[in-house]
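Reader: I am new to this structure. Could you walk me through some of the terms used for it?

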Amino acid sequence: MIAEHYLLFFSIALFSIGVYGVMVRRNLLFMLISIEVMLNAIAVLFVAGSRYHNNSDGQIMYLLILTLAASEVAIGLGLLIQLYRRRHTLDVDQLSKMKG
Amino acid sequence: MITILFFIAAAVALTGALLTVTRRNAVHALLYLVITMLAIALIFFLLGAPFAAALQIIVYAGAVMVLFVFVTMMLHQGQASLKQEAMLFQPERSVGATLLCFILLGELLFLLSPLSGFSDQANLNQQQSIASTLPNTVETIGAKEIGRPLFGPYLLLVEISALMLLSALIGAFHIGRRHQEKSMTGGEDDR
């Protein structure tokens with residue numbers, strides 16, 4: 001059985017990598033990918049919690065995170081396609097010139 | 001022994017994630033992201049959550065990755081993308097991804113091999129054989145234990161997530177429409 005602090009450290013490391021990606025990259029596609037990494041880190045934490053509390057609630061939350069990730073990717077990629085069509089770039093800093 | 005396997009899978013996942021957020025090329029990053037997802041699926045297996053692991057592979061490494069790859073392919077069109085594709089298809093560029101994949105494959109083969117101690121009924125029912133032969137074993141939480149509360153106390157959450165999926169479908173369709181450009185550049189009334 002895997003000790004729980006290993007999983008905690010793993011999840012924190014994965015989440016930090018995702019946060020780093022969102023902070024550093026200015027490409028919208030890479031920011032979405034980094035968000036996926038962060039969601040995966042949380043999913044690992046939930047499944048680990050389900051394992052150590054020995055019930056299935058954590059895995060149900062994992063299912064809901066999966067649903068959320070699928071919806072988020074669909075909407076985010078739609079926005080990315082629109083951004084590319086209008087500005088012909090994926091740089092999110094271009095969006096600061098948006099008049100709205 | 002499960003801890004060692006976990007360490008290898010975690011190292012693969014972290015390496016893949018780190019390479020994902022630092023690659024310049026989107027397709028390379030997606031390749032490393034798929035490896036990260038597969039390593040996380042292996043961690044789910046080691047945690048005794050086979051249903052979550054299967055979903056991780058099917059939904060994340062399958063469906064979500066297909067969406068990403070389609071969009072990446074859509075964004076790069078024309079002669080420049082052909083040149084880029086010729087540049088992309090160089091086997092030596094995929095050596096990192098191949099190496100990480102082979103580490104995962106080696107772990108899987110080790111789990112199925114006689115060395116790991118639970119290969120006797122491995123093909124028949126892997127979870128049960130893991131549970132019965134390993135001393136410091138993991139008891140699995142299968143699809144039945146997950147499915148039962150989904151129709152009981154979590155019924156409202158299931159319906160809300162169904163609504164969320166539907167609204168995401170409609171929203172993605174509406175946002176991704178092509179003829180919206182004209183109405184946006186012309187007049188703002190068609191929003």
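Author: Gladly! This is a predicted model. Let us start with the domains: the C-alpha centres of domain 1 and domain 2 of chain B are 23 Å apart. Domain 1 covers residues 1-76 of chain B, and domain 2 covers 142-176.

Reader: Why is Ser71(A) called buried?

Author: Its relative accessibility is 7%. Buried means under 20%, so Ser71(A) counts as buried. Ser71(A) sits in helix H3 of chain A, residues 57-87.

Reader: Which residues does Ser71(A) touch, leaving aside those up to four places away in sequence?

Author: They are Met164(B), Leu165(B) and Ala168(B).

Reader: What makes Leu109(B) exposed?

Author: Exposed means over 50% relative accessible area. Leu109(B) has 52%, so the label exposed applies. You will find Leu109(B) in helix H5 of chain B, residues 95-112. Leu109(B) also belongs to a nonpolar surface patch of about 470 Å², together with Phe102(B), Leu105(B), Leu108(B) and Leu112(B).

Reader: How many residues of chain B and chain A are in contact, and what area is buried between them?

Author: On the chain B side 63 residues are in contact with 54 residues of chain A. About 5200 Å² is buried between the two chains, with carbon and sulfur atoms giving 77% of that area. Within chain B, the residues losing the most area to chain A are Val21(B), Leu47(B) and Leu75(B), which together make up 13% of what that side buries.

Reader: How many salt bridges does the rule find across this interface?

Author: The count between chain B and chain A is 0.

Technical notes: Residues numbered from 1 in each chain as written. Chains lettered and ligands numbered in written order. Predicted model: local features only at pLDDT ≥ 70, side-chain atom pairs only at ≥ 80, totals over all residues. Heavy atoms only, no water. Patch = residues over 30% accessible without salt bridge, like charges linked within 9 Å, V, L, I, M, F, W, Y side chains within 5 Å. Areas by Shrake-Rupley, 256 points an atom, 1.4 Å probe, with all protein chains shown as cover. Salt bridge = Lys/Arg side-chain N within 4 Å of Asp/Glu carboxyl O. Helix = DSSP H or I, 4+ residues; strand = E, 2+ residues; numbered from the N terminus. Buried < 20%, exposed > 50% of the residue type's maximum accessible area, 1.4 Å probe, protein only. Domains from an automatic or database assignment. Contact = heavy atoms within 4.5 Å. Buried area = accessible area lost by both parts, 1.4 Å probe.
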